[in-house]
Amino acid sequence: MFKGVVSKLASVLQNFGHRLIEQFWRLGSASRLFGYTLASSGESLRRPFLVIREIYFTGVLSLIIILVSAFFVGMVLALQGYNTLQKYGSSEAIGVLVALSLVRELGPVVTALLFAGRAGTAITAEIGLMKATEQLSAMEMMAVSPIARVVAPRFWGGVISMPLLASLFSMVGILGGYLVAVPLIGVDGGAFWSQMQASVDFREDVMNGFIKSCVFGVACTMIALFEGYDAPPTAEGVSRATTRTVVNSSLAVLGLDFVMTSFMIS
Amino acid sequence: MDRTKIDLWVGIFAAIGVAALLGLAMKVGNLTTSNIGETYTVTAGFQNIGGLKPRSPVKSAGVVVGRIDAIQFDSATYEAKVTLKLDKRYLFPKDTFANIYTAGLLGEQYIGLEPGGDEEYLQDNDKIMQTQDAVVLEKMISQFLYSKATETKE
Amino acid sequence: MTDNIVQIDNLSFGYKGRLLHKGINMSFPRGKIVAIMGGSGSGKTTILRLIGGQLKPVQGEVRVGDKVVHQQGRNDLQKLRRKMGMLFQQGALFTDLSVYENVAFPMREHTSLPESMIRDLVMMKLNAVGLRGARDLMATELSGGMARRVALARAVALDPEIIMYDEPFAGLDPISMGVICNLIRNLNDALGATSLVVTHDVKEAFSFVDYVYFIADGVVAAEGTPAELRESTLPFVHQFVHGEVDGPVPFHYAAPDYRRDMLRGRDV
Ligand SMILES: Nc1ncnc2c1ncn2[C@@H]1O[C@H](COP(=O)(O)OP(=O)(O)O)[C@@H](O)[C@H]1O
Ligand SMILES: [Mg+2]
């Protein structure tokens with residue numbers, strides 16, 4: 001009886017330890033891939049079309065979902081914000097509320113989450129499949145580095161797309177908020193913009209949001225690339241890897257957001 | 001998908017992305033309004049600045065005429081020493097009054113300048129002598145409660 | 001000593017501790033087509049990867065020309081690989097590129113030829129495999145046999161000295177098989193290359209190769225020209241050539257005693 005409990009506990013601990021070590025191991029390999037990617041970037045940036053192609057696949061193809069989501073998020077923010085603000089008689093501050101929430105948090109964070117689901121999974125699946133069908137090996141045998149030819153362009157494509165998408169998200173969200181607040185609810189349009197301008201600081205709000213989205217771009221793209229590159233070369237392995245991309249990217253985005261916000265606010 | 005089409009789409013994407021970023025900077029943020037050309041510096045001492053922050057606006061008659069550059073504690077006078085950067089185009093008499101106001105009930109705090117009648121104008125590095133502190137809500141409420149309490153006792 | 005372009009000496013290699021090859025010796029003379037045969041999982045593909053320098057041997061060495069593959073630095077290894085062309089088991093065409101771009105890929109990566117020259121070369125290579133007309137198809141739109149031929153055109157795009165084929169016949173219909181056989185022979189002779197063909201297809205392989213290595217249990221079990229091997233009385237070769245189920249190559253994967261294994265379930 002007692003022996004049974006001890007051995008069960010031991011196996012649980014063993015399992016936990018095993019997973020922990022595996023995660024550290026994966027973190028190590030991810031950092032190594034990151035290093036190699038940066039080291040091979042010069043080679044791929046010298047051929048801009050490779051990167052432009054990836055901007056098309058990650059950025060342009062994510063535009064629709066980003067713009068539509070942003071519009072709705074902005075409208076909902078305005079509706080909810082108005083409800084609360086008008087109780088304090090400051091419904092003109094609705095522009096401030098919408099703009100600050102979008103520029104500081106929702107723009108970068110929601111864009112990154114959508115990006116992970118839309119572009120990140122596509123990157124993981126594509127690279128995982130290239131690996132499973134030996135395309136990466138074939139490239140290596142042709143004396144072409146898959147990191148320089150496949151990984152690095154996708155990395156830069158993602159890193160460049162993300163801040164642009166996040167800026168668009170914030171801007172379109174604010175327009176959505178404007179449409180609800182001004183024509184629909186009847187808040188004064190002048191007050192909407194002027195209060196916003198008075199309270200949104202370029203450096204502290206816009207720039208910090210921009211920095212956040214750049215960091216998220218690096219994190220999400222790198223996670224997607226690593227999961228694809230690390231996936232077992234089977235159909236099941238690739239499908240699991242895409243799931244991991246979404247889960248790990250989301251956790252990374254939320255965690256990084258907390259860390260960066262606490263630094264930026266202090 | 002041929003190359004020129006991809007190039008075109010990426011070009012459009014980059015253009016509207018950058019435009020959005022500029023829009024955030026100009027239309028949403030205060031990049032345009034925070035850069036007031038040539039400035040001169042004056043200081044003012046306050047007993048209590050409340051929630052005033054660097055980069056808060058300085059207004060006169062409701063018009064933004066400058067920004068707060070820095071806020072320090074002066075250990076000689078135990079006052080807050082606020083440095084204001086005012087637009088060179090606007091001149092104020094030496095006996096101008098500096099008040100800390102709040103925009104609305106819960107809004108941001110800013111400094112309001114009320115010009116006096118002096119013949120001479122404030123120069124660079126001058127000090128505004130007459131100031132009024134921020135209204136501290138807690139203080140007002142506790143004063144109010146205190147007076148109520150003494151009222152009911154009588 | 002004969003002129004061997006690839007030489008494998010006393011090579012041992014294993015994934016995760018379990019030794020797959022235990023001291024293999026092979027030599028591949030310049031200009032010849034040599035087959036490496038063996039059962040599935042006997043490590044044939046692995047040998048090609050060792051030659052290509054994608055894996056490092058545990059012991060022994062692989063020499064290409066006069067260079068030991070696993071001792072080359074990054075740049076030298078890249079130089080060495082440019083002399084090799086490899087046809088992967090499933091073709092490994094780049095799925096995001098067209099047939100034309102797949103064949104042009106090595107040229108674009110390694111040369112700075114003008115587009116018109118690349119075009120001519122790609123057309124030549126595609127013509128050689130009979131697929132000039134398929135140049136605008138995407139790699140994903142090809143049948144298995146066509147994909148294999150495009151991959152072949154890509155493998156020889158830079159006129160390699162060594163061409164490696166991994167299971168070039170697997171999953172093909174008899175006609176496509178015959179086509180590939182002819183292509184391997186013709187390309188080898190036209191380019192003056194040396195070909196290594198990994199396969200377990202005895203009939204096809206014996207019809208056109210110059211020399212055959214059989215590997216089993218991690219060693220070279222038999223070698224010789226197809227004619228010699230057909231006459232061979234070695235039980236292993238006999239089993240393989242005639243496709244018998246059990247023989248020296250056991251039906252069972254190495255396992256503990258069956259009876260003990262069954263009984264063990266009880267005391268856990
Ligand atoms: N990357 C790998 N990691 C671990 N084991 C592998 C790997 N690749 C192949 N193997 C194992 O090595 C053995 C030989 O593989 P392979 O060389 O592909 O055989 P063949 O091509 O002769 O069928 C197989 O048992 C396979 O499971
Ligand atoms: Mg194989």
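Residues are numbered from 1 along each chain as its sequence is written, while chains are lettered from A, and ligands numbered from 1, in the order in which they are written. Because the model is predicted, local features need pLDDT of at least 70 and side-chain atom pairs count only at pLDDT 80 or more, whereas totals for chains, interfaces and linings use all residues, and side-chain values use heavy atoms, with hydrogens and water left out.

Chain C also holds an open sheet of four strands, which are arranged in the order 2-1-4-5 with antiparallel pairing. The edges of this sheet are strand 2 (18–29) and strand 5 (67–68) of chain C, each of which has a single partner strand, so one side of each is left without a neighbour in the sheet. The partner relation between strand 4 (residues 59–64) and strand 5 of chain C is antiparallel and extends over two bridges, and in strand 5 the residue C:Val68 is the bridge partner of C:Arg63. Helix 1 (residues 44–51) of chain C lies across strand 1 (4–15), strand 2 and strand 4 of that chain, and runs at about 120 degrees to strand 1; such angles run from 0 to 180 degrees between N-to-C directions, the axes being lines fitted to C-alpha atoms, for helices over the stretch in contact.

Two pairs of chains touch, and the most contacts are between chains A and B, contact meaning heavy atoms within 4.5 Å. In this pair, 28 residues of chain A are in contact with 25 residues of chain B. The area buried between chain A and chain B is about 2500 Å², with carbon and sulfur atoms giving 77% of this value; buried area is the accessible area (1.4 Å probe) that two parts lose on being put together, summed over both. Between chain A and chain B the count of salt bridges is zero, a salt bridge being a side-chain nitrogen of Lys or Arg within 4 Å of a carboxyl oxygen of Asp or Glu. On the side of chain A that touches chain B, helix 3 (48–58), helix 5 (94–132), helix 7 (146–185), helix 8 (189–199) and helix 9 (202–230) of chain A each supply at least two residues, and the largest share, eight residues, comes from helix 7. By class, this side of chain A has 20 nonpolar, five polar and three charged residues, where Ala, Val, Leu, Ile, Met, Phe, Trp, Tyr, Cys and Pro count as nonpolar, Asp, Glu, Lys and Arg as charged, and the others, Gly among them, as polar.

Between chain A and chain C, 18 residues of chain A are in contact with 22 residues of chain C. The area buried between these chains is about 1800 Å², of which 54% comes from carbon and sulfur atoms, and in chain A the residues A:Glu134, A:Met141 and A:Met142 lose the most area to chain C, together 37% of what that side buries. A:Arg53 forms a salt bridge with C:Asp96, with the closest N and O atoms 3.1 Å apart. The side chains of A:Arg47 and C:Glu109 likewise meet in a salt bridge (3.0 Å, N to O), and this pair crosses from the loop between helix 2 (41–45) and helix 3 of chain A to helix 3 (residues 99–110) of chain C.

No contact joins chain B and chain C, whose closest C-alpha atoms lie 10 Å apart. Within chain B, B:Pro115 lies in the loop between strand 6 (109–114) and strand 7 (126–128). Leaving aside neighbours within four places in sequence, B:Pro115 is in contact with B:Ser60, B:Phe92, B:Pro93 and B:Thr96.

Methods:
Pairing = 2+ DSSP bridges.
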